[in-house]
Amino acid sequence: MKPAPFAYHDPRSIEEVLDLLASLDNARLLAGGQSLMPMLNMRVAFPDHLIDLNRVEGLTGIMEEGGSIRIGAMTRQRDIEESEVIRARLPLLAEALSHVGHRQTRNRGTIGGSLCNLDPSAELVAVATALDAVLEVQGSAGIRELSIHDFPVGFMTPALAPEEMLTAIRLPVPPAGHGTAFTEFARRHGDYAIVSAAVLLVLEGSRIARASLTLGGVGAGPLRLRTAEAMLVGGAPSEATFGAAAAECAGIEAMSDPQAPAWYRRRLSAVLTRRALETAAARAAV
Amino acid sequence: MSDAMHDLTLTLNGQAHAIRVEARRTLADALREDCGLTGTHLGCEHGVCGACTVLMDGQPVRACLLFAVQAEGRAIRTVEGLAKGGALNPLQRAFAENHALQCGYCTPGFLMLGTAILETDPGISDEALVEALSSNLCRCTGYANIARAIRAAADAMSTEGAA
């Protein structure tokens, strides 16, 4: 299998990338290549121009600033997974990354690439949604900030103009007394998740002060379970509360595909949500 | 423009290879077709099987998911770099002794993955080893012998190191 011919561009700065995006037609950005390269090899994608981000300065790094962790879009998934800061401050992200492909692919794959690819079952998209990520998007007009909740506009389609690029992602660090958990079901570890659940619980005393529940893999984009979240807040972190919240999954709209029918995804969603809630609560209580 | 050729120099197993390729040439194809290093095998060509695993700056990567133009300036190691002067290295010997291959198609990828594991995490737990090996497909051995071979090589190398 061979990709269709394309012109290769190897810019060194964000400004050069933006100039290329503004002047070229049918151009694609190449980040880690772990999704785009298969699409090129199978000729599902056939851009006229490929703009390689791998040598662009200023797109990598993990920094804690003002209650958030800022991660450069081209930061490798494996560097995030192994980062001390991430493990200490955003363990949900590290836990989810252990499900993203394999070591070889995480050595190349990037957080920005995964978010922009916006695969319905992408773990990083679910985690970014659960943590209310803010995206830094740069275009010729400057930098704008975008909530992750406004990012997906359709199946694998991010809210980016053709001349824009994602440069960084900011993840707010949850307050003390929180616990998180990531659960997923895939036919084999490392495969695309059929359903995944990312959960954040903040406990105050014996009550749930804040709850964030996100499902991946059930629809075209990540699904925040706002109704179930509202049910949890104010309640006790008990089996009954979690069971009732998870039961909300019976009513979600889920997709059917050759891997699994909609009813199966709904069942999985309930089970994975309940398990993630129990784990998150246990971690919050420690 | 789009069929432009790129002149580049790849560093493969410590040796420089000057090649002229299209940008769409994957590293895996460049190794085999342009550099004559046919030890790296191509299985699925879309990142699923791991047969084309090589080391780039010491880290295992799938050579079908990289373009050759992206590998310039990086140290690439392939299965051809393992044996020294015709003598198999400890990992290769362990594969032979533990029946870690049958048809051999996936073997170069597993050897390079195993090399990375031995170099970065020689005391890897059994659970982590199985997880690491799950990135590559083998349809003959059932994986148990591959895990055993990597463990045996780790033991052999630590004994050699201690001696």
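A:Arg55 is partly exposed, with 25% relative accessible area. In this predicted model, the side chain of A:Arg55 forms a salt bridge with that of A:Asp10, at an N to O distance of 3.4 Å. The two partners lie 45 residues apart, A:Asp10 in the loop between β1 and α1 (14–23) of chain A and A:Arg55 in the loop between β3 and β4 (62–65), so the pair ties distant parts of the chain together. A:Asp10 is likewise partly exposed, at 25% relative accessibility.

A:Arg283 and A:Glu95 meet through their side chains in a salt bridge of 3.0 Å, N to O.

Turning to chain B, B:Arg74 and B:Asp57 form a salt bridge at 2.7 Å, N to O. B:Arg74 sits in the loop between β4 (59–62) and β5 (75–77), and B:Asp57 in the loop between β3 (53–56) and β4, 17 residues apart. B:Arg74 is partly exposed at 27%, as is B:Asp57 at 42%. Over all chains, the structure holds 24 salt bridges.

Two salt bridges run between chain A and chain B. One of them pairs B:Asp29 with A:Lys2, whose closest N and O atoms are 2.8 Å apart. The chains also share 13 residue pairs in polar contact. On the chain A side, β1 (7–9), α2 (36–41), β3 (49–52) and α6 (103–108) each supply at least two residues, and α6(A) gives the most, with six. By class, that side has 13 nonpolar, 12 polar and nine charged residues.

Contact involves 34 residues of chain A and 34 residues of chain B. Together the chains bury about 2800 Å², of which 54% is on carbon and sulfur atoms. A:Arg103, A:Gln104 and A:Arg108 lose the most area in chain A, together 25% of what that side buries.

Finally, the cysteines: the count of disulfides over all chains is zero. For B:Cys44, the nearest cysteine sulfur is that of B:Cys49, 3.9 Å away. For B:Cys64, the nearest is that of B:Cys52, at 3.8 Å. B:Cys64 is buried, with a relative accessible area of 2%.

Key
Residues are numbered from 1 along each chain as its sequence is written. Chains are lettered from A and ligands numbered from 1 in the order in which they are written. This is a predicted model: local features need pLDDT of at least 70, side-chain atom pairs count only at pLDDT 80 or more; totals for chains, interfaces and linings use all residues. Side-chain values use heavy atoms; hydrogens and water are left out. Contact means heavy atoms within 4.5 Å. Buried area is the accessible area (1.4 Å probe) that two parts lose on being put together, summed over both. A salt bridge is a side-chain nitrogen of Lys or Arg within 4 Å of a carboxyl oxygen of Asp or Glu. A polar contact is a pair of N or O atoms within 3.5 Å; within protein, one must be able to donate a hydrogen and the other to accept it, and residues adjacent in sequence count only if both atoms are side-chain atoms. Helices (H or I, at least four residues) and strands (E, at least two) are DSSP runs, numbered from the N terminus. Ala, Val, Leu, Ile, Met, Phe, Trp, Tyr, Cys and Pro count as nonpolar, Asp, Glu, Lys and Arg as charged, and the others, Gly among them, as polar. A disulfide is a pair of cysteine sulfur atoms within 2.5 Å. Buried means under 20% relative accessible area, exposed over 50%, partly exposed in between (1.4 Å probe, protein chains only).
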